Every structure is written in C-alpha cells, then in structure tokens.
Amino acid sequence: MSAKTYICRCEDVTLAEVQQMLKDGAQTMEEIKRLSRCTMGPCQGRICRILLAQEIAKNSSRNVTEIDVPTYRAPGKPIKLGLIACGEEDA
Amino acid sequence: MQSTEIAIIGGGPAGMCAAQAAAEQGARVTLIDRGKQLGGQLVKQTHRFFGSEYEYAGIRGIHIANILEDAVRKLDNIEIKIDSTVLAIYGDGVITIEEGENYKKLTSKKTIISTGASEKMLVFTNNDLPGVYGAGAVQTLMNEHGVIPGENVLMIGAGNIGLIVSYQLIQAGVKVAAVIEAAPQFGGYHVHAAKIKRIGVPILTSHTIKEAIGKEFVEGAVICRLDANWKQIAGTEKKLDVDVICLAVGLSPLVELLWHAGCQMKYVPQPGGYVALRDRDLQTTVPGIYIAGDASGVEEASSAMIEGKIAGLSAAEALGYNKNASHMKAKYMEEINILRAGNVGKKVREGLKMLAV
Ligand SMILES: Cc1cc2nc3c(=O)[nH]c(=O)nc-3n(C[C@H](O)[C@H](O)[C@H](O)COP(=O)(O)OP(=O)(O)OC[C@H]3O[C@@H](n4cnc5c(N)ncnc54)[C@H](O)[C@@H]3O)c2cc1C
C-alpha cells in the first residue's frame, strides 16, 4: 500500500484527489460530492465534511464560514431495504 | 404511526434532563436513544466530573447517568425507547426510527434534539490505517466492552478528553508513549495533566503528527515540532514505536437531523462546526424544534443538563403546561450564565453571540 492521506475514509477520497478536482475547476462541495462521492458514505459526511470545507476554503482563500455546504439527506444511517419494504403494521 | 407530545432524540444528560423537566410539567414525553442504555457519554466516564455542584460535579460520570436515569424512569408519562435510532425528520414533521429490527414512525407536537457530538478527524499521511482511533471510540472499547485498543498509544490532543483518556488507558495497563498538542500550551485542566505527568508520560506542546507508519495496521508514528505560526519545522521529525494513534482533537455537534428539519445552520468554530441558530428558549428557526447539550454546541455535561431543563420546560410551556415553568427557566438561565462566566466560558460566550436569533 502506498502512503495516502485521506479526506473521506468511507469513500476512499484522498487529499490529492480533492486538490486535483479543485485545480481542475471544481469550486463547491456539491461538485466535489458529485464527482467523487466524498461525504456520501456510511458516515454521511459527519467526519469529512468539515475537512472538505476547510480544503475548499484554503484553495480559494476564503473562510470556512463562506463555504456553501449541501444539506443532509434522510436516512441518517444505512438501513436494510427490508426494513422499509415491510412497512409498518400500524401505518 | 405513533404520536407523542414531546419527542426527545438522544438520551444523554441533556435529553434525560429535558425529559424529566417536561414530564414534571405534565407533558407526555417519548425519549429515544440508539444505545442499549441511556446515559450518552456519561456511561463511559469513570472519573469524577468537573462542572457545577448543582449538576453533580465531583461524582463519577457513570454514577451521574444512573441518578438521571432513575429520575426519568420514575415518571410514568415518559416512554423510553432504547436501541432506537432516529433516521430522519421529514418536512411534515414525521420522525422515522429504526427500533431494533423494526421501522417506526412517530409524530410529535414538539421535538428536542439532544444527539450529542461526534469526533473530529485529522488529515495526515496514512490516516486510514487500522489503529487510528478517536479517543471516544477507545473509551467505548475499553470502558464499555472491556477491550484494549493496543499496547502503546500516541495520544493527539491535550485537552481534557485527551488527558482523561490517556489516564484511563494507563489504568487499563496500556502504555502511553506521549501526548502531543499543536497549541503552545495544553488545553485541559491541570489536575488531569498532573496525573499523567507524574506517571512519566511526556506532554509535548507545539507538536503535531506528520504520518502514520505501517502496512496493514499502525506500526509507528512520525511527529514533528510546530513553529509560532503552526507550520511544521523541517528536521524536527521523531519516530515513535506505537501501535495505536488516538485522536482527541475536538468534537463537532451531531446535527444532521436539524438539517433534515430545515433549521437554519451556521458554521461557527467555537461550538465545534455547523450549529443551529436558536432563541433564548433553545428553539431553532423551525417552530417546535428545540436543541440542547453538545448537539447545540460542544460544551460539557453540566451545561448539557441545564440546557436540557431549559429546552424541556420551554417545550412543555409552549404546549400550555405551566407549573411555575417560567420561574424555573429563569433560575436555570441564571445558573448557566454563572457556569459560562469568567475566562473558561469565554469561547462559549463568543460562539453563542453568533447564534442568537
Ligand atoms: C473523555 C471525556 C471526559 C469528559 N469529562 C467531563 C467532565 O469531567 N465534566 C463535564 O461536565 N463534562 C465532561 N465531558 C463532556 C460530557 O460528557 C458531554 O458534554 C455530555 O455528555 C453531553 O451531553 P449530551 O446529552 O448533549 O450528549 P451525549 O452524552 O453525547 O448523548 C447523546 C445521546 O444521543 C444519542 N443519539 C445520537 N444520535 C441519535 C439518533 N439519531 N437517534 C437516537 N439516538 C441518538 C446517543 O446515542 C447518545 O446517547 C467529557 C467528555 C468526554 C468524551
């Protein structure tokens, strides 16, 4: 295994890959998310979202407060499809 | 579909205090936690707590959890759901829950979100190697499951969590090679630092981790010194033979349910990241959704408990219950202001200023 520095450990997105996307013109978290699935793994970005925002801010000499972050989507954690497929008895 | 008057998500100190306060006003409460037991962070705290004497300072965390749980279980208008993870809050107010192996829906008139916080990660080479842990994860492993993470630990971060977990590792028979801290001074209390210094563990300030070494798992770590501008100083690298790298570099509030609900959020560094705007009653910009504890901004157990009481009273009051509620709320607000006074509370006060609506 060669040495790598990860931003998103769920989806294996490295710092080098993020920096390359920014160099290639990506400007927002939404774009990087769509390009790489960064923040879209089992932890749903709870861990990497701030690291990614910091990297975007650094690249554009902005403050993290100015970085536009996408909302979180339901469900908050991975669930088995069978759980929803069965429905609820008392729905 | 089930319904309740007040749904409380998260059964740590904040959620349990909110449940008790609201139920004592007469409201029907559903308290939901994903854990196998109530208590949140308190369950794994074996040390005596700092904080306010009104909130059981001086007592070990685990015992505080028991006191709060007993009070909650005595009230029969509180329904407790454990092993129940809230998955989402939808626009129409429906809360979905993975309850054991079942999928449940719940509606509520008011909702208090007290989900606590999650651990921050650090960017360094090989940061995905097995053996890189959060300090909270190490605590869960040791103090809840009786499993040690390894044999020799490098602790990163000398705030209270880093210092306390280092001591607990040593108590469990694990060696701590060093505690490193990026800032020029350590952030935790002297009592906790003194305890590990006496055992001979060095606390290295102005130091950071550069790289984890290892193929399949952590076999070592390279640390280096930082200059006054927090830049790494070349040539100061040092290799440590450790098999665990433990990160205690701060927490950020667990807020995804607040995003689901459409609460207005803001990035504010002091409380730990993205947090919800709130009014004095701890109500967010979405009417009926309240916050309390670390989920509202990372602080400590004492303030989490008081915030829980304020949010619980506010929600009950908004539903028309009022057994001296406004008077009690005023008392708790005064108490929390005392807790946040002085130098220690400066950071908290600065953060709150940016979050008030
Ligand atoms: C090592 C360490 C030492 C500490 N020492 C002290 C001390 O000495 N004094 C002090 O005052 N404070 C101390 N603290 C801080 C204190 O433990 C926390 O501030 C406090 O526990 C916060 O309470 P809370 O209720 O907001 O969150 P938590 O205690 O984190 O509880 C949150 C609860 O929400 C649940 N939850 C989260 N998401 C969901 C979901 N989607 N569905 C259902 N349930 C959910 C979690 O399972 C958890 O039980 C310490 C913390 C640590 C880590």
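Mentor: In this predicted model, the side chains of Q139(B) and Q45(B) are joined by a polar contact of 2.9 Å.

Trainee: In which element is Q139(B) found?

Mentor: Q139(B) sits in helix α3 of chain B, which covers residues 135-144.

Trainee: Is Q139(B) buried or exposed?

Mentor: The cut-off for buried is under 20% relative accessible area. Q139(B) has 4% relative accessibility, so it counts as buried.

Trainee: How should I read E99(B) by that scale, as buried, partly exposed or exposed?

Mentor: Partly exposed covers the range between the buried limit of under 20% and the exposed limit of over 50%. The relative accessible area of E99(B) is 21%, so this residue is partly exposed. E99(B) belongs to strand β5 of chain B, residues 95-99.

Trainee: How far apart are E99(B) and D33(B), in sequence and in space?

Mentor: They are 66 residues apart in sequence, and their C-alpha atoms are 9.6 Å apart in space. D33(B) also matters for reading the ligand site, being one of the residues that come nearest to the ligand.

Trainee: Which other residues come nearest to the ligand?

Mentor: Of the 31 residues around the ligand, the nearest are D33(B), Q41(B), F50(B), V86(B) and D294(B). By class, this shell holds 12 nonpolar, 15 polar and 4 charged residues.

Trainee: How much of the ligand's area does the protein bury?

Mentor: The protein buries 95% of the 1,000 Å² that the ligand exposes when taken alone.

Trainee: Which elements give two or more residues to the shell?

Mentor: In chain B they are α1 (13-24), β4 (84-89), α4 (160-171) and α7 (301-318). In terms of domains, at least three shell residues come from each of domain 1 (2-118 + 251-353) and domain 2 (121-247) of chain B.

Trainee: What is the general idea behind a nonpolar core?

Mentor: Nonpolar side chains tend to be buried together in soluble globular proteins. Here the largest nonpolar core has 61 residues, and I32(A), L154(B), I245(B) and L258(B) have the most contacts inside it. The element that gives the most to this core is helix α3 of chain A (residues 49-59), with 6 residues. The core also draws at least three residues from each of domain 1 (2-118 + 251-353) and domain 2 (121-247) of chain B.

Trainee: What is the phi of L282(B)?

Mentor: L282(B) has a positive phi of about 70°, although it is not a glycine. Its place is in the loop between β18 (273-276) and β19 (289-291) of chain B.

Trainee: Is L282(B) buried or exposed?

Mentor: Its relative accessibility is 8%, so L282(B) counts as buried.

Notes
Residues are numbered from 1 along each chain as its sequence is written. Chains are lettered from A and ligands numbered from 1 in the order in which they are written. This is a predicted model: local features need pLDDT of at least 70, side-chain atom pairs count only at pLDDT 80 or more; totals for chains, interfaces and linings use all residues. Side-chain values use heavy atoms; hydrogens and water are left out. A residue is near a molecule or strand if one of its heavy atoms lies within 4 Å of it. Accessible areas come from the Shrake-Rupley method with a 1.4 Å probe; for residues, only the protein chains shown count as cover. Helices (H or I, at least four residues) and strands (E, at least two) are DSSP runs, numbered from the N terminus. Ala, Val, Leu, Ile, Met, Phe, Trp, Tyr, Cys and Pro count as nonpolar, Asp, Glu, Lys and Arg as charged, and the others, Gly among them, as polar. Domain bounds come from an automatic or database domain assignment. A nonpolar core is a set of buried Ala, Val, Leu, Ile, Met, Phe, Trp, Tyr and Cys residues joined through side-chain atoms within 4.5 Å. Buried means under 20% relative accessible area, exposed over 50%, partly exposed in between (1.4 Å probe, protein chains only). A polar contact is a pair of N or O atoms within 3.5 Å; within protein, one must be able to donate a hydrogen and the other to accept it, and residues adjacent in sequence count only if both atoms are side-chain atoms.
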